[in-house]
Amino acid sequence: MLKRVTVFSGHYGSGKTNLAVNFAIGLKRQGFNVGIYDLDIVNPYFRTIDAKKLLLNAGVDLTVSDFAETNVDLPSVKAESYRIIADKEKYAVVDLGGDDRGALAMGRFSEELKKENNVDFLLVFNAYRPETNTVEGVIQIISEIENACKMRFTGIINNSNLGENTTEQDVLNSLPLLNQVS
């Protein structure tokens, strides 16, 4: 069941931005009014900006920090980000930071989103990243993100990969760790 707000979060390098961008474009292609919001407040991690042309060509509204593509690191989000909770006619896809600092911005929206009760908060998991290759490491990341944004994950996406060298067996090998975490 599609929720009005879908948040993708996970540790750095998990693939959350690529998933968020592709999900937003997929929603748009299905005829939904959709915006994508980059809420990772730690620059240079405003990675949705890398897909700006693709998103705009697809008709997806992009909200990203004015400091994206700069070396300026000011922990702020644009005022337009409040459309996540204010614009009930738009599906919001959120690319959220992968630790307690990066996820902090979501906390300002958490109470309203909990009241609306129409959000999927998804952990993007890659078993081949150094910080998330143990149960303890993944649980620590989950705890940091949930505490920072005052929301609990509703699901896990297994995005375990080794880039272009990924085999089917690599994905299958990640399942025991994923099962332990879940």
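A nonpolar core is here a set of buried Ala, Val, Leu, Ile, Met, Phe, Trp, Tyr and Cys residues joined through side-chain atoms within 4.5 Å, where buried means under 20% relative accessible area, exposed over 50% and partly exposed in between, with a 1.4 Å probe and protein chains only. The model is predicted, so local features need pLDDT of at least 70 and side-chain atom pairs count only at pLDDT 80 or more, whereas totals for chains, interfaces and linings use all residues. Residues are numbered from 1 along each chain as its sequence is written, and side-chain values use heavy atoms, with hydrogens and water left out.

**View 1. The largest nonpolar core and the surroundings of Leu39.** The largest nonpolar core has 32 residues, of which Leu39, Ile84, Leu96 and Met106 touch the most other members. Among the elements that each supply at least two residues of this core are strand E1 (5-9), helix H4 (107-116) and helix H5 (135-149), helices (H or I, at least four residues) and strands (E, at least two) being DSSP runs numbered from the N terminus. H5 gives the largest share, six residues. Leaving aside neighbours within four places in sequence, Leu39 is in contact (heavy atoms within 4.5 Å) with residues including Val77, Ile84, Leu96, Met106 and Phe109.

**View 2. The buried face of helix H4.** Gly107, Phe109, Ser110 and Leu113 are buried in H4. Seen down the helix axis, the buried residues of H4 fall within an arc of 125°, so they line one face of the helix; the arc is that of the directions from the helix axis to the C-beta atoms. These buried residues pack against E1, H3, E5 and H5.

**View 3. Two of the aromatic pairs.** Three aromatic pairs are found in a search of the whole structure, with rings of Phe, Tyr and Trp (its six-membered ring) pairing if their centres lie within 6.5 Å, and planes under 30 degrees apart counting as stacked, over 60 as edge-to-face and the rest as tilted. The ring centres of Phe8 and Phe23 are 5.6 Å apart and the planes stand at 65°, so this pair is edge-to-face. Because Phe8 lies in strand E1 and Phe23 in helix H1 (residues 16-29), the pair ties together parts that are 15 residues apart in sequence. Phe8 is buried, at a relative accessible area of 3%, whereas Phe23 is partly exposed, at 28%. Phe121 and Phe153 form a stacked pair, with 4.2 Å from centre to centre and 10° between the planes.
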